[in-house]
Each structure stands twice: as C-alpha cells, then as structure tokens.
Amino acid sequence: MKAIWTNGLLAALALISPDTTWASDTSGPWKFGDIVVEQAWARLVPGAARTGAVYLTIHNKSGQDDLLLAVDSPAAGTTAIHKTEVKDGVARMEPLPVGVPIPSHGEVVMRPGAMHIMLTKVSAERTAEGKLPVTMVFQEAGTMEFEVPIVPLGSADPAETHQKH
Ligand SMILES: [Cu+2]
C-alpha cells in the first residue's frame, strides 16, 4: 500500500511541478476538410492512474454524415470515448461503442459531465509543455492530429467561459 501511495504522490508532483506550463483558454479551430474541431482543452488528474480527459466540439460542415471511428494520444496509455450519465443520483462513466455519429451540418459537443475523451497513464514528460497531442480518425474526413492545451485542475470550463463572452 505504501508503495502505491508513493507512486501516486510522485505522479501528482510531476503533474503539478513548476515545469508544467498551464493554459488558460481553449484551442482551435482546426479545419480538416469539412470537419472543424474547436474549443478544445484537456484536464489531467494527479494520481497513480494518471487519468485525463479531453473536451472539444466537432462540427461537420459536409452534406454527408461522418463517423468518429477512433481517438488516440501518443501521450496516453489508453484512450477511449466516454459518456457520463447520472443514474439514481450517481454519476458514472461508460465507454461508448465504436463509432460516434457526426451528423451532416451537425455538431458533437464533449464537455465535463457528458461525453469526453478519457485517457489513462498520461505521460508527465510528454505533457510537460502544457499540451496534449490528440489523433482522431473519421470515416469520411480521415485522420487529424492536433494539440490540446492542458488547463489546471479545478479551473472553470474554458469553453463555457468562452461562450459567455
Ligand atoms: Cu471517462
């Protein structure tokens, strides 16, 4: 038990070390064909599991439906798309089945308390500059890569702050 706790503490210290550069706003938009990704940001949770979450908005400007087939990050051990649902007053996260529909002229919003990209075993080294690399594979638009700013834990949702302006 003591070893596990120590590892968690070390991971936490690594994540909050002064070497880490924090962002204060979202990033994007990035345009990939008819897909636009914007208001992207990430949050890392200190602890032994080194989990994190990415939030963003995907727009499909095409006349054709698209499908988000896969997400990945070279800085994370595992990557999945989760949905948080409240059942009987208890919030729980569940992985979504492969293939998130991005409807024609529609959007998919990933935000805290709802859909998000879930990461585990996030590398402190690869995120030391305050950015998290993300890869998304769309059926129609293809593969896109971008870097998402990491916002300090506990700060307000920068996408919501943005929308209020
Ligand atoms: Cu999750």
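Trainee: What pLDDT does the protein chain average?

Mentor: This is a predicted model. The protein chain averages a pLDDT of 85. Of the residues, 83% score at least 70. Local features need a pLDDT of at least 70 to be described here.

Trainee: Where does pLDDT stay under 50?

Mentor: Over residues 1-18. The model has 17 contacts beyond four places in sequence for that stretch. Helix α1 is assigned to residues 2-15.

Trainee: How many helices and strands does the protein chain have?

Mentor: Two helices and 11 strands. From the N terminus on, the order is α-β-β-β-β-β-β-β-β-β-β-β-α.

Trainee: What share of the contacts joins residues 24 or more positions apart?

Mentor: 70% of the contacts in the protein chain with a separation of 6 or more.

Trainee: Now the interior. What share of the protein chain counts as buried?

Mentor: Of its 165 residues, 28%. The cut-off for buried is 20 or more other C-beta atoms within 10 Å.

Trainee: Which residues have the most contacts inside the largest nonpolar core?

Mentor: A42 and V54, in a core of 31 residues. The elements that give two or more residues to this core are β2 (35-45), β3 (51-60), β7 (100-102), β9 (115-120) and β10 (131-138). The largest share, six residues, comes from β2.

Trainee: What makes a set of residues a nonpolar core?

Mentor: The members are buried residues of the nonpolar kinds, joined through C-beta atoms within 7 Å. In soluble globular proteins, nonpolar side chains tend to be buried together.

Trainee: Which residues does V54 touch?

Mentor: Leaving out residues up to four places away in sequence, V54 touches A40, A42, H116, I117, L119, L132, V134 and V148.

Trainee: On to the sheet. What is the strand order in the open sheet of four strands?

Mentor: The order is β7-β4-β10-β11, with antiparallel pairing.

Trainee: Why do β7 and β11 stand at the edges?

Mentor: Each has a single partner strand, so one side of each is left without a neighbour in the sheet. The twist averages 35 degrees from one strand to the next.

Trainee: How do you know that β4 and β7 pair?

Mentor: Count the bridges. Pairing needs at least two. Three bridges join β4 (residues 66-72) to β7, so the two strands pair, and they run antiparallel. For D66, the bridge partner in β7 is I102.

Trainee: How many bridges do β4 and β10 pair over?

Mentor: Four, in the antiparallel sense. A70 has V137 of β10 as its bridge partner.

Trainee: What joins β10 to β11?

Mentor: A hairpin, through three residues. The two strands pair in the antiparallel sense over eight bridges. F138 stands opposite G142 in β11. T135 has E145 as its bridge partner in β11.

Trainee: Why is E94 called exposed?

Mentor: E94 has 11 C-beta neighbours inside 10 Å. The cut-off for exposed is 12 or fewer, so E94 counts as exposed. E94 sits in strand β6 (residues 90-95). E94 touches H82, K83 and E85, not counting residues up to four places away in sequence. E94 and K83 are 11 residues apart in sequence and 5.4 Å apart in space, C-alpha to C-alpha.

Trainee: Why is P103 called exposed?

Mentor: P103 has 12 other C-beta atoms within 10 Å. The cut-off is 12 or fewer, so P103 is exposed. P103 is found in the loop between β7 and β8 (107-110). Beyond four places in sequence, P103 is in contact with N60 and D65.

Trainee: What is said of the phi of H105?

Mentor: H105 has a positive phi of about 55 degrees although it is not a glycine. Most residues other than glycine have a negative phi, and most peptide bonds are trans. H105 lies in the loop between β7 and β8.

Trainee: Why is K121 called partly exposed?

Mentor: K121 has 14 other C-beta atoms within 10 Å. K121 has a positive phi of about 50 degrees. The place of K121 is the loop between β9 and β10.

Trainee: Which peptide bond is cis?

Mentor: The one from G28 to P29, with omega near 0 degrees. P29 lies in the loop between α1 and β1 (30-32).

Conventions: Residues are numbered from 1 along each chain as its sequence is written. This is a predicted model: local features need pLDDT of at least 70, side-chain atom pairs count only at pLDDT 80 or more; totals for chains, interfaces and linings use all residues. Two residues are in contact if their C-beta atoms, placed from the backbone, lie within 7 Å. Axes are lines fitted to C-alpha atoms, for helices over the stretch in contact, and angles run from 0 to 180 degrees between N-to-C directions. pLDDT is the predictor's confidence in each residue, from 0 to 100.
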